[in-house]
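The sequence and structure are shown below.

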Amino acid sequence: MKIIKLNAIDSTNTYLKNLSRETRPEDGLVVVANAQTNGRGQVGASWQSKEGESLTFSVFKSFNSLPISAHATVLFTTAIAIKEALEQLNISNIEIKWPNDILAGGKKCCGVLIENQLQQDTIATAIVGVGLNVNETEFDELPQATSLHLASGCIFNLDDVLQHVSKILLKHLSEIERFSSEEIKTKYEASLFKKGVVSTFETPNGNQFSGIIRGVKDNGELIVEKEQDVIKTFEVKQIRLLY
Ligand code: BTN
């Protein structure tokens with residue numbers, strides 16, 4: 001596995017995006033930064049991380065003939081892979097909060113930002129950015145955040161965690177075309193935080209409503225039962241699931 005280690009960069013996702021404009025990065029390339037000055041999160045949010053305590057990295061993956069419709073399968077696979085990698089580090093109670101936050105003991109320890117690059121009718125490559133809280137001991141401003149250390153009591157070597165998580169992630173992404181999208185979706189749904197229980201959702205204008213998560217559609221939308229037998233589906237930018 002080839003890893004490019006940077007001291008400070010705006011964003012490892014942006015770095016790979018720019019690199020792929022100039023040259024074709026090798027499949028499986030990993031870029032890690034000690035610090036990001038413009039770390040990007042989902043739906044236009046920023047991503048803050050603590051130098052020396054957390055991991056911010058992106059992997060570059062090429063696909064042979066993955067249809068554009070499989071974009072959610074890339075997202076599902078990434079979440080499943082990170083969950084598996086963290087479980088192998090003996091972190092317990094790992095769940096996936098829709099769409100692709102990874103929780104340990106009900107709190108977020110990892111966020112993922114996936115940026116696909118399309119060619120004709122296929123996803124030619126994906127840049128999968130991972131922000132993983134590793135050795136942080138406190139999150140004063142973020143009561144719903146945690147780190148692998150807080151979840152397990154152990155102190156981790158950042159390089160070892162990077163190698164381990166990247167390896168499992170790349171393995172799963174390489175196998176994506178071997179499994180049916182239904183199999184991958186079923187596995188993702190099995191780890192979905194708050195599936196089957198009454199949960200609260202918030203719309204971008206601050207309105208809240210409750211409903212029960214029933215699963216996800218092939219395109220990644222969340223299936224919510226708002227009232228008995230009233231099923232609605234939502235895109236990422238339409239709702240946020242509260243903790
Ligand atoms: C989120 O939960 O909002 C997603 C956060 C993704 C953060 C990672 S850190 C490495 C990579 N580079 C970025 O700018 N973002 C991703």
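## Surroundings of Glu 189

In this predicted model, Glu 189 touches Lys 195, Gly 215 and Val 216, leaving aside residues up to four places away in sequence. With Val 216 there is a specific polar approach: a polar atom of the Glu 189 side chain lies 2.8 Å from the backbone nitrogen of Val 216. Glu 189 itself belongs to helix α5, which spans residues 181-190.

## Burial and charge

Glu 189 is buried, yet it has no salt bridge. The nearest side chain of opposite charge is that of Lys 185, at 4.3 Å.

## The seven-stranded sheet

Seven strands form an open sheet with mixed pairing, in the order β1-β2-β3-β7-β6-β5-β4. Its edges are β1 (3-9) and β4 (94-97), each of which pairs on one side only. On average, neighbouring strands of this sheet are turned by 25° against each other, direction ignored.

Within the sheet, β5 (residues 101-104) and β6 (residues 107-119) pair in the antiparallel sense over three bridges. Ile 102 stands opposite Cys 110 in β6.

## A helix across the sheet

Helix α4 (residues 158-174) lies across β1, β2 (30-36), β3 (54-67) and β7 (122-133). Relative to β3, helix α4 runs at about 15°.

Note on methods: Residues numbered from 1 in each chain as written. Predicted model: local features only at pLDDT ≥ 70, side-chain atom pairs only at ≥ 80, totals over all residues. Heavy atoms only, no water. Helix = DSSP H or I, 4+ residues; strand = E, 2+ residues; numbered from the N terminus. Buried < 20%, exposed > 50% of the residue type's maximum accessible area, 1.4 Å probe, protein only. Lys, Arg positive; Asp, Glu negative; His and termini not counted. Salt bridge = Lys/Arg side-chain N within 4 Å of Asp/Glu carboxyl O. Polar contact = N/O pair within 3.5 Å; in protein donor to acceptor, adjacent residues only side chain to side chain. Contact = heavy atoms within 4.5 Å. Pairing = 2+ DSSP bridges. Axes fitted to C-alpha atoms, helices over the stretch in contact; angles between N-to-C directions.
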